[in-house]
Amino acid sequence: MAEVVKARLSNLSAADKEYLVELVMKYKTVVENKKTDSVSGQQKEAAWKKIELEFNANSLTARNYQQLKQVRSA
């Protein structure tokens, strides 16, 4: 059985982390909503995709929204 090895991304720079925090604060009402219904889940995913687009437009390191969510929670 072959092992699946995840490729590890480089850490975000301090400037990238600050920018990510600014973007999350911009969409705070949606991203930090405590509701777990399907409508709220779709809104959260849409907000994270917007964060992804804005982050990647202004950063040298491209990340998808799942990776950005992990950085935020770390």
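From the N terminus on, the elements of the protein chain run α-α-α-α. That comes to four helices and zero strands, where helices (H or I, at least four residues) and strands (E, at least two) are DSSP runs numbered from the N terminus. This is a predicted model, in which local features need pLDDT of at least 70 and side-chain atom pairs count only at pLDDT 80 or more, while totals for chains, interfaces and linings use all residues. Residues are numbered from 1 along each chain as its sequence is written, and side-chain values use heavy atoms, with hydrogens and water left out.

Taken along the principal axes, the C-alpha atoms of the protein chain fill a box of roughly 40 × 35 × 20 Å. Of the 74 residues, 23% are buried; buried means under 20% relative accessible area, exposed over 50%, and partly exposed in between (1.4 Å probe, protein chains only). The protein chain exposes about 5800 Å², and carbon and sulfur atoms supply 54% of that area, computed by the Shrake-Rupley method with a 1.4 Å probe. Among contacts with a separation of 6 or more, 52% come from residues 24 or more positions apart, a contact being heavy atoms within 4.5 Å.

One link across the chain is aromatic. The structure holds one aromatic pair. Y19 and F55 form this pair, which is stacked, with 6.3 Å centre to centre and 25° between the planes. Rings of Phe, Tyr and Trp (its six-membered ring) pair if their centres lie within 6.5 Å; planes under 30 degrees apart count as stacked, over 60 as edge-to-face and the rest as tilted. The pair links distant parts of the chain, since Y19 is in helix 1 (residues 14-26) and F55 in helix 3, 36 residues apart. F55 counts as buried because its relative accessible area is 0%.

The loop between helix 3 (38-57) and helix 4 (65-73) holds S59. Why does S59 count as buried? The reason is that its relative accessibility is 13%. The side chain of S59 makes a polar contact of 3.2 Å with the side chain of D16, and also reaches the backbone nitrogen of T61 at 3.2 Å. A polar contact is a pair of N or O atoms within 3.5 Å; within protein, one must be able to donate a hydrogen and the other to accept it, and residues adjacent in sequence count only if both atoms are side-chain atoms.

Q43 lies in helix 3. Q43 is partly exposed because its relative accessible area is 42%.
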